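Trainee: I've got a model open and I'd like to learn how to read it. Could you walk me through it feature by feature?

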Amino acid sequence: MKAYLRKNPLIVTGVILLAVMTALAVLIPVLSPYADTAQNAGLRNAPSSLAHLFGTDKFGRDIFVRVFSGTRISLSIGIGSAVICGAVGILYGSAAGCGGERTDMLLMRAADVIDSIPSLLYVILIMLVMGASAGSILLGFCIGGWVGLARIVRGEIRRLRSEDFCTAARLLGAGTGRMLFVHLLPNAAGAIIVNLTFLIPKAMFTEAFLSFVGVGISAPAASLGTLIQDARSQIQVAPAQMLYPILVLCILILSVNLIGAGLEKAVRRAEEG
């Protein structure tokens, strides 16, 4: 399995792209001589140069630094959302899958009610109450973002409970906790990891969309969506200002999707083998 993962071109390409983007997001804002909020009125809408690789915006701010500062926000929201939604979804789905019929019905109907409200509405309502920040966006995502994973975990656990190895474990006296953490969740790990991976680009794209329509992170912080929105007014003067954050966002989403697709392929191959 490990050897196959290393030879999987989708995973290798995705990991390389994501590692490069993460390194740039960490290092560029620290090593650059320009602050991401520093303005220079005498250097507005400057084209790309050795001093400013992506040029400057309408306030004279260095776009290269701002793009990778925005990449930090996108990555933190994407990974944070996956971690929180993953933890809640696994626990909730495990409770529904291991419980009786009545417990399962009550838990999953409650999840259906939560999931019936669009996630964007949760995010917007939380931002109206808590303000426009990365934390409020992350909280809004996590209110309903775990439901899909919980359904998958619940389905996998209920399917695995009827397998022979679970029957044997019960006959040997294994309790519910041991059954869950030793036998059920490890055997459902493939599907869980794949779906966790796909939560990351979903959160990053949603955050970028919200920022683009003007209800995302407020100034002076700037996500990739905010940068795209700011550059829209300059599209006829300096179209490259919009191109750079769009390109970085596409690479981020593509890299994580490649990893997810590669993991899905690896899990399917392992199940068939």
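Predicted model: local features only at pLDDT ≥ 70, side-chain atom pairs only at ≥ 80, totals over all residues.

Trainee: Let's start with a helix pair. How far apart do the axes of helix H2 and helix H3 come, and at what angle do they cross?

Mentor: Now the general idea: two packed helices are described by the angle between their axes and the distance between the axes. Here, H2 covers residues 9-31 and H3 covers residues 63-98; their axes come within 8 Å and cross at roughly 120 degrees. That angle makes H2 oblique to H3.

Trainee: And which hand does the crossing of H2 and H3 have, left or right?

Mentor: That crossing is left-handed. On the H2 side, the contact involves Leu-18, Met-21, Thr-22, Leu-24, Ala-25, Val-26, Ile-28, Pro-29 and Val-30, while H3 brings in Phe-64, Val-65, Phe-68, Ser-69, Thr-71, Arg-72 and Leu-75.

Trainee: How do the residues of that H2 and H3 contact divide into nonpolar, polar and charged?

Mentor: You get 12 nonpolar, 3 polar and 1 charged.

Trainee: Now rings. How many aromatic pairs does a search of the whole structure find?

Mentor: It finds 5. As a general idea, a pair of aromatic rings is described by the distance of the centres and the angle of the planes. Take Phe-54 and Phe-64: the centres are 4.9 Å apart and the planes sit at 85 degrees, an edge-to-face pair. This pair links distant parts of the chain, with Phe-54 in the loop between H2 and H3 and Phe-64 in helix H3, 10 residues apart.

Trainee: Is Phe-54 buried or exposed?

Mentor: Phe-54 has 18% relative accessibility, so it counts as buried. Phe-64, at a relative accessible area of 16%, is buried too. The cut-off behind both calls is under 20%.

Trainee: What about the rings of Phe-54 and Phe-68: how far apart are their centres?

Mentor: Their centres are 6.5 Å apart and the planes are at 35 degrees, so this pair is tilted. Phe-68 is in helix H3, 14 residues from Phe-54 in the loop, so to speak another link between distant parts of the chain. Both Phe-54 and Phe-68 are buried. Ring pairs join Phe-54, Phe-64, Phe-68 and Tyr-244 into a cluster.

Trainee: Where does Thr-37 lie?

Mentor: Thr-37 is in the loop between H2 and H3. Its relative accessibility is 38%, so Thr-37 counts as partly exposed. Leaving aside residues up to four places away in sequence, Thr-37 touches Arg-61, Arg-66 and Pro-220. For a sense of scale, Thr-37 and Ser-81 are 44 residues apart in sequence and 26 Å apart in space, C-alpha to C-alpha.

Trainee: Zooming out, how many helices and strands does the chain have?

Mentor: The chain has 12 helices and 0 strands. Its C-alpha trace spans about 80 × 45 × 30 Å along the principal axes. Of the 273 residues, 42% count as buried.

Trainee: And among contacts between residues at least 6 apart in sequence, what share joins residues at least 24 apart?

Mentor: That share is 69%.

How values were computed:
Residues numbered from 1 in each chain as written. Heavy atoms only, no water. Axes fitted to C-alpha atoms, helices over the stretch in contact; angles between N-to-C directions. Helix = DSSP H or I, 4+ residues; strand = E, 2+ residues; numbered from the N terminus. Parallel < 35°, antiparallel > 145°, perpendicular 65-115°, else oblique. Left-handed = near helix turned anticlockwise from the far one by under 90°. Contact = heavy atoms within 4.5 Å. Nonpolar A, V, L, I, M, F, W, Y, C, P; charged D, E, K, R; others polar. Phe/Tyr/Trp six-rings, centres within 6.5 Å; stacked < 30°, edge-to-face > 60°. Buried < 20%, exposed > 50% of the residue type's maximum accessible area, 1.4 Å probe, protein only.
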